[in-house]
Amino acid sequence: MTGSGERESLMVPRAEFRSYYGRPILKRPTWKMPDVPAYLFLGGTAGASATMAAVAELTGRRELAGTGRWVAAAASVAGVTALVHDLGRPERFTYMLRVLKPTSPLSVGSWILAPFSALATASAASLATGRLPRLGRLAALGSGVLGPAMCTYTAVLLSDTAVPAWHEAYPELPYVFAGSALTSAAGAALLCAPGADHGPPIRMSLLGVGMELAAMRRIERRLGPASEPYLMDRPGRLLTLSKALTAAGAGLSLLAGRRTARLLAGGSYLAAGLCARFGIFAAGIASAEDPAHVVAAQRRRLGRDCES
């Protein structure tokens with residue numbers, strides 16, 4: 001402090017994170033918009049719908065089970081289509097199945113996606129044709145077993161990259177994706193199964209709401225300045241909208257006895273899931289393009305390594 005009570009001015013300006021010639025430190029992910037975030041949404045919705053259908057089948061809720069099987073098949077086929085479009089050539093997807101590498105989230109994810117999609121599609125085909133109903137139910141149960149992995153493996157895949165916003169949030173991101181998948185599947189059931197018992201999907205959605213919002217809140221608080229990509233600009237607007245739609249869906253779902261409220265709740269949940277996936281994807285891209293987030297994340301990891 002100076003004698004006049006004013007703060008001393010800094011003799012050296014604050015450091016700014018820069019890269020050589022203004023080029024990004026990290027190579028920007030080559031995944032395409034909207035293919036990949038759409039796949040993230042569709043895969044989660046398919047996985048949670050398949051598990052919901054399997055539980056409904058075991059508890060005698062036939063209409064809910066049928067709706068879950070249809071949604072799981074439709075979402076998985078649409079998701080694979082988006083993924084293949086991102087890859088550019090269909091044969092590239094089959095190349096990923098040549099080897100199962102347990103240490104690679106991409107390899108493991110491919111081996112989750114392929115059998116899940118096949119089982120979900122077979123289950124829906126059995127419903128559509130009325131043929132081989134027992135095998136159709138077995139396929140539905142099999143896809144239901146794989147459903148939780150479908151909901152979360154994409155979060156592990158994103159977290160395993162060097163993209164700061166995704167990598168730093170690795171403990172919470174699977175919970176965000178799982179919660180969002182539950183609400184999206186519940187939303188599809190509220191929209192597409194008018195005569196079903198809506199108690200199970202409503203309870204499932206409320207569980208998903210709590211899981212997703214708590215995990216996102218923890219990301220914002222635990223990461224500190226590293227959470228800025230989730231809060232600023234387009235990602236921040238998308239994720240804020242996702243939270244608002246999720247909360248609206250939860251409130252409306254409690255009035256699901258009224259047709260309009262049920263339909264609005266279902267639509268809100270599905271829109272929230274889309275906004276969440278697109279927002280998280282955009283946050284990762286923004287953090288990879290900003291040298292400040294890349295360097296700060298590296299320094300935090302170095303600090304933790306030195307302390308250990």
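The axes of helix α10 (residues 233-253) and helix α11 (residues 259-289) approach within 7 Å and cross at roughly 155°. Axes are lines fitted to C-alpha atoms, for helices over the stretch in contact, with angles from 0 to 180 degrees between N-to-C directions; helices are DSSP runs (H or I, at least four residues) numbered from the N terminus. The two helices, α10 and α11, are therefore roughly antiparallel (angle over 145 degrees). Their crossing is left-handed, that is, the near helix is turned anticlockwise from the far one by less than a right angle. The residues of the contact of α10 with α11 comprise 20 nonpolar, 6 polar and 1 charged. Here Ala, Val, Leu, Ile, Met, Phe, Trp, Tyr, Cys and Pro count as nonpolar, Asp, Glu, Lys and Arg as charged, and the others, Gly among them, as polar.

The model is predicted: local features need pLDDT of at least 70 and side-chain atom pairs pLDDT 80 or more, whereas totals for chains, interfaces and linings use all residues. Residues are numbered from 1 along each chain as its sequence is written, and side-chain values use heavy atoms, without hydrogens and water.

Buried residues (under 20% relative accessible area, 1.4 Å probe, protein chains only) of α4 include Ile112, Leu113 and Phe116. The cover of the buried residues of α4 includes α1 (35-58), α2 (62-87), α3 (91-95) and α5 (133-159). Pro105, in helix α4, is buried, at a relative accessible area of 18%. Pro105 is in contact (heavy atoms within 4.5 Å) with Tyr153, Val156, Leu157 and Asp160, not counting residues up to four places away in sequence. Just after α4, Gly130 has a positive phi of about 75°.

How values were computed
Parallel < 35°, antiparallel > 145°, perpendicular 65-115°, else oblique. Buried < 20%, exposed > 50% of the residue type's maximum accessible area, 1.4 Å probe, protein only.
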